[in-house]
Amino acid sequence: CTRGALTGVPIGAVTYTRRLSAPGFDTSPDVLGDIDPLAILAALVCQVIAALGLGQTYRAALAAVGPRIRFGQALNVSMSAITVTQVLPAGGAVGAVLAVHRFIAFGASRAAAAAAVALFGTLSLLTLAMLAALAIAATMVAGGVSLGYLIAVLAIVTMLAVALGTILATIRSPRTGNRILDVGERALRRFSVDLTRWRRSLDEIAERPPNAAHLGAVVGWSAVNWVTDAASLWAILAGLGVIVDPATLMIGFGLQHVAVLIPISPGGLGLVEAGMAGMFTALGVSGPVAVTAVLGYRIFSYWLPLLAGVPQYLRGPRLSTGSSRSI
């Protein structure tokens with residue numbers, strides 16, 4: 001995993017450079033020269049707050065089903081997961097496994113660690129989808145977008161809500177959890193995977209299922225992460241002389257982040273840039289400004305967290321490269 005992460009950084013850089021030189025990604029030098037330095041500083045501050053909020057989201061997710069860990073430990077988990085996610089194809093899955101491994105190293109049981117990561121991922125995306133749905137609903141009142149956008153996002157919200165319900169049912173009922181593990185064992189039978197230790201841990205987390213306050217803390221910190229992340233994009237747009245309303249911002253921001261759930265490229269590299277620039281252009285922002293703003297935003301939201309997470313990744317315990325039997 002370490003080798004993959006370290007080799008993924010230059011691969012990602014090459015991919016990004018090729019994307020910037022592709023048709024439609026030519027930015028105007030005049031526009032680049034006009035950006036307000038204060039806007040760059042504001043975008044950077046927003047990204048720092050977003051990173052801290054992400055760490056707190058991971059921490060709240062584990063506290064909902066397992067032990068409390070220090071904020072520094074939670075930040076190690078979140079930044080390490082970001083680095084892996086954003087340098088490897090399908091890195092989201094690897095990042096989730098890494099987060100589980102780090103939680104276990106910091107004192108959580110296997111079941112609690114897995115449940116925490118599942119809660120984190122589902123509630124984080126559900127929060128973003130709800131923010132996008134609210135933005136679309138607000139804009140529809142003014143006749144700014146079509147009903148199709150709202151239907152699409154509500155469908156995503158429904159699927160995420162079903163996924164959340166399944167996770168909570170597994171946590172609260174060992175019987176339901178054992179049924180899901182039965183399915184997993186059948187799917188992994190050829191690899192002789194033994195999930196006995198996971199079964200033993202189900203009883204442990206079922207004794208202390210998450211309540212509304214626990215889930216609310218995860219949603220609240222997730223909202224802090226997403227809103228400040230979007231605010232950094234707003235700051236860059238403002239620095240280019242374009243003031244977008246919050247609803248338009250969340251539509252262009254939220255839809256593209258939800259769309260990159262399909263693991264085609266590391267961290268949505270290239271897909272977010274193209275889709276978000278196109279979305280803002282469709283919403284009325286001029287092409288050169290939209291492209292410049294999105295590329296500037298991705299430097300702060302993709303490359304800086306990736307590089308900042310490398311030391312955290314190297315400091316923590318490594319993923320085991322042993323047999324898959326030791327799950």
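Helices (H or I, at least four residues) and strands (E, at least two) are DSSP runs, numbered from the N terminus. Axes are lines fitted to C-alpha atoms, for helices over the stretch in contact, and angles run from 0 to 180 degrees between N-to-C directions.

This is a predicted model, in which local features need pLDDT of at least 70, side-chain atom pairs count only at pLDDT 80 or more, and totals for chains, interfaces and linings use all residues. Residues are numbered from 1 along each chain as its sequence is written, and side-chain values use heavy atoms, with hydrogens and water left out.

**The whole chain**

The protein chain has 13 helices and zero strands. Of its 327 residues, 46% count as buried (under 20% relative accessible area, with a 1.4 Å probe and protein chains only). Take the contacts (heavy atoms within 4.5 Å) between residues at least 6 apart in sequence: 75% of them join residues at least 24 apart.

**Two partners of helix 13**

| Pair | Axis distance | Angle |
|---|---|---|
| Helix 12 (residues 271-282) and helix 13 (residues 287-315) | within 9 Å | roughly 140 degrees |
| Helix 3 (residues 37-65) and helix 13 | 10 Å | about 35 degrees |

Helix 12 and helix 13 are therefore oblique to each other. Angles under 35 degrees count as roughly parallel, over 145 as roughly antiparallel, 65 to 115 as roughly perpendicular and the rest as oblique. Helix 12 passes helix 13 in a right-handed crossing; in such a crossing the near helix is turned clockwise from the far one by less than a right angle. On the helix 12 side, V272, E273, M276, A277, F280 and T281 take part; they meet G287, A290, V291, V294, L295, Y297 and R298 of helix 13. This contact has nine nonpolar, two polar and two charged residues. Ala, Val, Leu, Ile, Met, Phe, Trp, Tyr, Cys and Pro count as nonpolar, Asp, Glu, Lys and Arg as charged, and the others, Gly among them, as polar.

Helix 3 also passes helix 13 in a right-handed crossing. Here I40, A43, L44 and Q47 of helix 3 touch Y297, F300, S301 and L304 of helix 13.

**A closer look at A43**

A43 lies in helix 3. Its relative accessibility is 0%, so A43 counts as buried. A43 touches S232, A235, I236 and F300, leaving aside residues up to four places away in sequence. The C-alpha atoms of A43 and Y297 are separated by 7.7 Å, although the two residues stand 254 residues apart along the chain.

Technical notes: Buried means under 20% relative accessible area, exposed over 50%, partly exposed in between (1.4 Å probe, protein chains only).
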